[in-house]
2 protein chains.
Amino acid sequence: MTTEVYLFDEAADKNLTKMELGGKGYGLAEMTKLGLPVPAGIVITTGMCNEFFERGKVIWPELKADISAKIEVLQNLVGKKFNDKDNPLLVSVRSGAPMSMPGMMDTVLNLGINDNIVEVLSKKTGDERFAHDTYRRFIQLFGKIVMGVPGEKFDHVLEKYKEESSAKSDIDVNAAGWCEVVKRYKELIKQETGRELPQEPTEQLFMAISAVFSSWWNNRAIEYRKIYKIQDSLGTAVNIVMMVYGNLDDKSGTGVAFTRDPSTGEKKVYGEFLMKAQGEDVVAGIRTPYPVSKMNELVPDAYKQLEQIFGKLETHFRDMQDIEFTVEGGKLYMLQTRNGKRTAAAAIKIAIDMANEKLITPGEAVLRVEPDQVQRLLYKQIDPKFDGESIAKGLPASPGAAYGKVVFTVKEAQEAKQKGDRIILVRPETTPEDIAGIAASDGVLTSRGGMTSHAAVVTRGMGKPCIVGAEAIKIDFDKMEFTAGGKNIKYGEIITVDGGNGLVYPGEVPLVEPKLNTDIITLLGWADKFKRLGIRANADTPTMAAKAVENMADGIGLVRTERMFNAPERLEIIQNMILADSLEERKSFLEKLKPMQKGDFKEMFRIMNDMPMTIRLIDLPLHEFLPKLEEILPQVVELRITGKNNGELAKKERILNKVMQLKEYNPMMGQRGVRLALMYNEIYQMQVGAIFEAAAELMKETGKAPQVEIMISQVAEANELRDAKAIVDAEAERMMKENGMKINYSVGSMIETPRAALTATFMAKYANFFSFGTNDLTQATYAFSRDDVEAKFIPFYIEKKVIASNPFETLDWDGVGRLISIATAEGKKANPKLKVGICGEHGGDPKSIEFFNSAGLDYVSCSPFRVPVARLAAAQAELKKKFHGSSTA
Amino acid sequence: MTTEVYLFDEAADKNLTKMELGGKGYGLAEMTKLGLPVPAGIVITTGMCNEFFERGKVIWPELKADISAKIEVLQNLVGKKFNDKDNPLLVSVRSGAPMSMPGMMDTVLNLGINDNIVEVLSKKTGDERFAHDTYRRFIQLFGKIVMGVPGEKFDHVLEKYKEESSAKSDIDVNAAGWCEVVKRYKELIKQETGRELPQEPTEQLFMAISAVFSSWWNNRAIEYRKIYKIQDSLGTAVNIVMMVYGNLDDKSGTGVAFTRDPSTGEKKVYGEFLMKAQGEDVVAGIRTPYPVSKMNELVPDAYKQLEQIFGKLETHFRDMQDIEFTVEGGKLYMLQTRNGKRTAAAAIKIAIDMANEKLITPGEAVLRVEPDQVQRLLYKQIDPKFDGESIAKGLPASPGAAYGKVVFTVKEAQEAKQKGDRIILVRPETTPEDIAGIAASDGVLTSRGGMTSHAAVVTRGMGKPCIVGAEAIKIDFDKMEFTAGGKNIKYGEIITVDGGNGLVYPGEVPLVEPKLNTDIITLLGWADKFKRLGIRANADTPTMAAKAVENMADGIGLVRTERMFNAPERLEIIQNMILADSLEERKSFLEKLKPMQKGDFKEMFRIMNDMPMTIRLIDLPLHEFLPKLEEILPQVVELRITGKNNGELAKKERILNKVMQLKEYNPMMGQRGVRLALMYNEIYQMQVGAIFEAAAELMKETGKAPQVEIMISQVAEANELRDAKAIVDAEAERMMKENGMKINYSVGSMIETPRAALTATFMAKYANFFSFGTNDLTQATYAFSRDDVEAKFIPFYIEKKVIASNPFETLDWDGVGRLISIATAEGKKANPKLKVGICGEHGGDPKSIEFFNSAGLDYVSCSPFRVPVARLAAAQAELKKKFHGSSTA
């Protein structure tokens with residue numbers, strides 16, 4: 001392997017990608033090519049990071065030589081040299097992964113400084129305090145990151161010195177003070193590591209490069225990658241960049257900015273600027289910064305240049321940019337550019353605006369919005385009718401509203417999450433160490449920090465409500481409580497946060513589902529033009545059907561008729577039906593259920609108008625409608641022992657007997673769906689009767705014909721479908737004759753057993769449509785019982801990297817997906833008119849939708865709330881296929 | 001469609017097959033071609049039968065015309081004519097399906113006789129009594145079969161007449177008597193049907209043809225086809241054959257014979273002959289016949305001709321023949337020839353003898369024996385050490401021994417079978433109506449009939465022990481008992497029958513598994529030369545391993561280590577292991593199990609010598625080793641209510657808690673096998689430790705290296721295998737280092753989840769071998785829980801023709817088989833050294849073995865007792881493939 005070390009302009013000339021250069025290196029290289037003011041520097045590619053680990057965390061001779069050679073070129077380029085008495089070169093050594101992992105890996109600033117150079121710097125800038133402050137900053141970072149001295153030990157040293165010298169803040173420490181701190185820092189390092197702080201810049205450099213590479217595998221980074229599903233194999237690049245100083249003088253400063261508002265998407269400069277500060281000061285959220293527009297007063301030339309650069313960057317990168325910059329003595333330096341993270345609302349607005357500005361095409365706009373971002377906008381908001389009093393107000397860092405029990409630590413958050421609680425994590429501020437706690441929480445509230453602070457950035461990425469800088473909040477960790485607005489809120493009490501306006505409320509505030517806004521409607525309108533898949537909704541009630549129509553579903557893909565039995569008055573009837581001793585008795589109870597089912601069907605047909613509605617005939621095993629063995633058995637034993645109530649005992653014994661009789665070892669693979677119906681035809685007959693009565697009545701009333709699709713479940717063998725269809729057809733025929741009308745209906749099959757998929761050629765003979773039941777199909781294909789494995793060992797498997805994700809959330813392409821591909825292709829070959837859809841939970845999952853699109857399905861059906869997501873995902877799937885070709889083998 | 005009606009010689013000239021001509025028609029046509037004395041006749045093909053049903057059970061004009069034309073030719077050929085005053089033609093109209101269905105369908109004899117012709121016949125034969133007897137026989141059959149008058153009504157008429165005329169038997173009825181009976185029969189028909197007996201022979205003929213066709217769908221025939229899995233679509237041919245009379249005079253008679261002994265296979269004429277009788281008299285088993293050799297005295301010319309014909313038939317048909325013949329006035333007529341049914345022992349002997357005689361090749365000999373026939377010989381016999389007293393002796397009609405509860409009717413047999421009882425059906429004699437009862441029974445005992453009686457033929461076909469003609473048995477249906485040898489045996493009492501020697505014993509007699517005999521060893525030796533598949537055995541104990549070696553298995557394909565835990569002293573340890581609260585405690589119990597497992601492994605390695613032994617690490621879910629919820633819960637409830645024993649309560653509560661904790665909704669798809677082991681590595685570690693200690697000790701003692709194959713179960717994802725293999729390899733490495741020796745071992749995977757099969761390409765990376773667990777694979781592919789569906793609705797599904805057979809007995813080629821084909825092909829492609837086998841119960845099923853052979857597997861593993869069957873089936877599979885090409889798509 002040849003080593004890969006480039007100057008930024010070399011990297012840009014070679015058209016190296018973000019995968020090779022990392023996000024930071026790529027941005028710097030591109031900006032260099034655009035002629036923007038970028039400090040000169042070198043990038044070591046991500047490939048070198050992987051090789052570094054393969055070689056046992058060693059910088060091997062060839063790499064060392066190449067880096068040294070490029071440093072030589074760099075020195076000539078900028079006219080500065082390491083250790084030079086006149087023009088000493090100081091550099092930053094920065095990590096930069098292909099995917100943004102803010103704050104997860106390490107960076108060393110001011111590298112190249114030492115006992116001599118600090119003096120040179122002092123002389124050259126004429127600012128002794130700046131020079132010694134710079135040296136102590138270097139030692140602090142280098143000591144912690146490269147030499148492994150715990151960060152808080154440096155803090156203690158500094159705190160102690162400030163105490164001794166009665167300095168209230170860093171500002172009060174003078175040059176001599178920093179000099180003293182430097183001395184103590186160096187002693188601390190000696191004491192902690194047994195080594196002196198290296199004085200030789202190249203030694204510092206290679207140690208720092210090793211440390212940055214190594215930080216790819218620190219715990220924070222691993223945790224972050226797990227949460228964001230970033231591949232471990234990507235590696236980080238290392239950027240060695242000439243230092244510029246935002247803390248040099250009064251014409252210096254540093255800032256972060258977005259080319260558009262990352263919260264709303266509005267087209268305006270948005271960002272924060274700190275005078276006389278280095279970049280870390282902004283990101284850490286410790287000092288409260290100015291809005292970036294304030295630069296127009298403070299450093300007007302730099303600001304004007306910056307405004308122009310914004311335009312150039314957007315034109316070049318064709319996306320909203322998140323940049324970091326430094327002004328050194330009034331001169332602007334661009335330190336970073338990358339596509340900016342944004343709220344869901346902003347993502348949509350920016351995509352639409354950019355398409356309208358002709359920066360991107362409508363297709364690209366559709367691809368720019370993550371389907372989950374649309375989902376986020378569709379989730380809970382505080383009920384507008386609510387007018388309770390808030391107890392605090394902070395910055396609205398990440399939109400959406402949530403309530404939950406208050407927790408104060410990562411550990412508490414994780415424990416409460418495991419118990420299934422809803423949680424609001426309350427912290428003074430968050431750091432990368434808190435990632436797992438944020439992930440476990442439903443919302444985050446901090447008392448410090450700004451809109452670009454850690455908590456704000458991370459929660460926006462996760463789409464969780466977040467309020468930052470709510471200064472009214474005073475946390476008392478010992479008492480496990482916080483006070484705000486005169487109230488004490490204890491650990492475990494419920495609060496509600498509204499990330500949309502920054503208000504905090506005590507207790508649980510009523511939340512509402514939001515409506516689609518104009519931007520979403522525009523975007524989904526575009527999406528609908530690109531998508532090939534139909535999007536239907538799963539709906540068991542008229543309310544859900546109405547939601548489906550509101551979200552512009554193309555029909556209902558799944559009505560679970562057994563869910564209709566769950567209402568209490570119906571449950572009793574169905575229990576009696578199961579307990580019945582004769583066919584006649586059973587039929588009499590079915591007759592009671594029939595008008596109830598008919599009523600539901602009729603109302604839903606009415607709502608769906610002329611859109612298709614797929615009604616699945618009863619699927620669950622009968623025993624699910626009876627009490628559990630562990631409930632009824634102790635009751636019977638007790639009645640037997642006490643001998644008190646013989647009537648009650650007889651009744652309970654009858655139920656117990658039925659429970660035992662219907663008990664199955666593996667009910668998921670027992671007598672369900674079609675297996676039940678072929679033995680007890682009367683259940684299907686009742687249901688088909690109810691469907692056709694409903695349809696006939698509606699036709700008589702409205703003159704409109706509903707599109708009836710009747711679906712059979714649990715089929716494993718084509719002959720099951722043959723016989724079930726015969727029952728349905730006979731009853732349908734009878735009902736149509738009785739009503740003297742013809743009703744359009746079709747009969748199809750769930751494909752939820754592997755065998756149904758494998759024998760699709762035969763199944764297609766008796767089916768007008770297939771609908772994949774991916775939940776059951778996943779269960780059977782893995783032989784995973786979802787109820788048993790999902791909590792028990794799927795998380796363990798993900799942890800151990802046995803599986804990459806939960807196959808019940810994201811479709812398993814290799815196994816379950818293969819069955820779906822087989823069944824779709826062979827089913828359609830055998831019956832070219834066959835309609836093929838999917839109605840499992842995967843129907844609303846974007847990655848799964850991408851698969852379904854490639855596999856040639858006709859539609860997906862998902863929760864009515866997920867329909868907008870599915871519409872967008874379906875469009876993206878089709879657009880990606882066009883751009884990249886089919887994504888399945 | 002053209003009609004298909006042929007004279008026998010025409011049919012032979014056209015080379016029509018048995019499928020077209022039916023078995024009887026084919027035999028007659030072939031014999032006609034061979035120049036043997038066959039009465040002239042016509043055959044209507046099986047295709048016409050199907051068309052007859054398609055046209056609504058009508059003989060359509062074209063068919064009628066063609067039959068009439070062929071009758072014309074026949075009349076000219078034999079010089080006899082229907083209704084002719086000088087030479088009247090009488091014919092039999094016989095059914096004849098492609099597969100032998102003895103006695104299942106109908107036949108009409110003596111057709112063409114009427115009020116006039118009976119007189120002609122009387123004059124022509126000079127035997128008035130014969131003529132009228134012939135007429136009454138015709139009326140009796142025609143009345144019953146064609147006109148639908150219940151048979152017993154004719155019996156009543158005859159009985160009544162005999163009573164009136166004081167005739168003891170038919171022999172005592174004279175010509176006038178038969179004349180009177182004819183009159184009364186005709187009256188009976190008039191009275192029962194409102195129609196006269198048709199007098200016109202062609203009218204009789206077409207009515208009879210319709211009746212014979214129709215009998216294809218009578219209940220007996222349907223039942224028989226279901227039991228023998230004969231396709232309903234085959235249809236029956238109809239044979240119209242000139243009558244010859246075995247009851248004409250004292251030089252006449254009728255017989256059935258086999259060209260070799262169907263019971264032992266010995267090469268000698270074997271059969272029975274009745275003087276002055278028609279064929280039905282022999283088959284019905286009412287009169288006790290002579291052995292066929294007696295003909296040498298009675299009709300010596302016919303006998304000599306018959307002996308020559310035997311040779312010709314065997315040379316032509318290259319198989320043992322079962323023939324029917326009639327001697328009319330000393331002249332021999334061949335009425336039927338077909339491949340003879342035979343006992344398993346005879347089948348093997350005949351195949352070997354014929355190969356030695358060069359009549360057939362050894363390959364054909366191997367194909368001649370049904371694998372199940374070998375099995376039969378390998379099943380139970382009475383323990384030779386047993387010397388109890390028998391209570392009756394009959395003819396040894398079908399070999400093997402069985403015990404069971406005595407039942408007397410079909411209904412009782414079926415009911416007892418459903419309860420899972422072992423049953424012996426005891427009847428005076430059996431008729432085709434008894435088929436379902438015989439099928440339900442473990443053995444049959446009759447008090448009447450001979451070696452070719454119904455019971456004898458049917459049980460030999462089914463391979464069930466049967467004793468016939470045990471005349472000492474007196475059945476009293478009212479008392480529901482029988483007496484024999486001075487004992488009363490009541491309904492439900494147990495008896496034992498030995499079909500090998502005809503002895504009946506009271507009570508349950510000890511049975512033993514038989515050893516392989518010389519013939520079987522010869523045949524299996526030939527089989528081994530043809531087979532491609534290796535045959536291994538599933539063995540969990542040293543005893544089973546020894547049986548595997550005895551039956552010449554090529555190794556052990558499955559050791560179920562969890563079965564080793566089932567011994568009571570071990571069960572307690574493993575229960576404690578499960579109840580353990582800490583890893584340490586758990587390990588301490590595992591350490592106790594280890595020497596026990598080691599001992600078993602060592603003994604089995606010793607027995608298996610250098611043959612491979614596949615040890616499957618623990619598979620069952622832990623909760624299977626704890627009490628059932630319905631056992632422990634009532635105990636706890638009772639102890640709680642009575643408040644008696646607090647120590648006991650605490651103990652039981654601990655168990656109950658664990659039962660509840662380990663309870664799974666669908667344990668078959670829960671935390672089993674590798675899923676358990678990846679979380680509790682210590683279980684695999686203990687087992688691998690025990691395996692390697694056993695192997696090391698044995699190597700030290702004997703110097704011989706066992707072939708260790710370690711198998712992981714329940715794998716659904718290649719990474720599970722990766723991680724499990726890592727545990728195994730680490731422990732193996734440690735053990736080998738500890739013992740200072742290298743032990744050959746390989747690691748492989750069960751393929752028992754659909755996903756494992758679908759992702760075989762990835763699985764093969766970590767596997768030295770695959771072994772299909774077809775039981776679990778079938779469960780998951782169908783989503784059928786065997787425990788739940790096999791009794792509950794698989795029989796119902798077979799009944800309703802939803803599925804053709806139980807997929808847990810015979811592999812489902814379309815679904816499960818497809819997964820096996822995919823996994824085998826793709827696994828071997830990814831890893832060319834991959835060994836592929838199967839260790840589910842299907843490994844011993846011949847039809848499944850045929851599939852496994854075609855799918856390219858390397859070996860099958862089955863019960864040690866099934867190994868001989870599997871060896872034969874594997875040879876046949878390979879031979880069939882060579883003859884017919886691959887049998888899978």
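**Overall architecture, chain interface and salt bridges**

Of the 889 residues in chain A, 59% count as buried. The model described here is predicted. The secondary structure of chain A consists of 36 helices and 31 strands, and its C-alpha atoms fill a box of roughly 105 × 65 × 55 Å along the principal axes. Among the contacts in chain A with a separation of 6 or more, 69% are made by residues 24 or more positions apart. The accessible surface of chain A amounts to about 35000 Å², and carbon and sulfur atoms account for 50% of this area.

Chain A meets chain B through 61 residues, which are in contact with 60 residues of chain B. The area buried between the two chains is about 5300 Å², with 62% given by carbon and sulfur atoms. Across this interface, 31 residue pairs are in polar contact, both residues having pLDDT 80 or more. The side of chain A that touches chain B comprises 30 nonpolar, twelve polar and 19 charged residues. Six salt bridges are found across the interface of chain A and chain B. One of them joins Arg755(A) to Asp812(B), with 2.6 Å between the closest N and O atoms. Helix 24 of chain A (residues 629-642) gives the most to the side that touches chain B, contributing seven residues.

Over all chains, the count of salt bridges comes to 135. Side chains of opposite charge can pair when their charged atoms come close. Within chain B, Glu159(B) forms a salt bridge with Lys162(B), the closest N and O atoms being 4.0 Å apart. Both residues lie in helix 7 (residues 151-164) of chain B, three residues apart, or about one turn of the helix. Glu159(B) counts as partly exposed because its relative accessibility is 45%, whereas Lys162(B), at 8%, counts as buried.

A further salt bridge links Arg184(B) with Glu164(B), at an N to O distance of 2.6 Å. This pair connects distant parts of the chain, since Arg184(B) belongs to helix 8 (residues 175-193) and Glu164(B) to helix 7, 20 residues apart. With a relative accessible area of 45%, Glu164(B) is partly exposed.

Asp581(B) and Arg654(B) also meet in a salt bridge, at 3.5 Å from N to O. Here Asp581(B) is located in the loop between helix 22 (568-579) and helix 23 (583-608), while Arg654(B) is in helix 25 (residues 646-662), 73 residues apart. Asp581(B) is exposed, with a relative accessible area of 64%, and Arg654(B) is partly exposed, at 38%.

In chain A, a network of salt bridges links Asp133(A), Arg136(A), Arg137(A), Glu159(A), Lys162(A) and Asp170(A).

Terms used: Residues are numbered from 1 along each chain as its sequence is written. Chains are lettered from A and ligands numbered from 1 in the order in which they are written. This is a predicted model: local features need pLDDT of at least 70, side-chain atom pairs count only at pLDDT 80 or more; totals for chains, interfaces and linings use all residues. Side-chain values use heavy atoms; hydrogens and water are left out. Contact means heavy atoms within 4.5 Å. Buried area is the accessible area (1.4 Å probe) that two parts lose on being put together, summed over both. A salt bridge is a side-chain nitrogen of Lys or Arg within 4 Å of a carboxyl oxygen of Asp or Glu. A polar contact is a pair of N or O atoms within 3.5 Å; within protein, one must be able to donate a hydrogen and the other to accept it, and residues adjacent in sequence count only if both atoms are side-chain atoms. Helices (H or I, at least four residues) and strands (E, at least two) are DSSP runs, numbered from the N terminus. Ala, Val, Leu, Ile, Met, Phe, Trp, Tyr, Cys and Pro count as nonpolar, Asp, Glu, Lys and Arg as charged, and the others, Gly among them, as polar. Buried means under 20% relative accessible area, exposed over 50%, partly exposed in between (1.4 Å probe, protein chains only). Accessible areas come from the Shrake-Rupley method with a 1.4 Å probe; for residues, only the protein chains shown count as cover.
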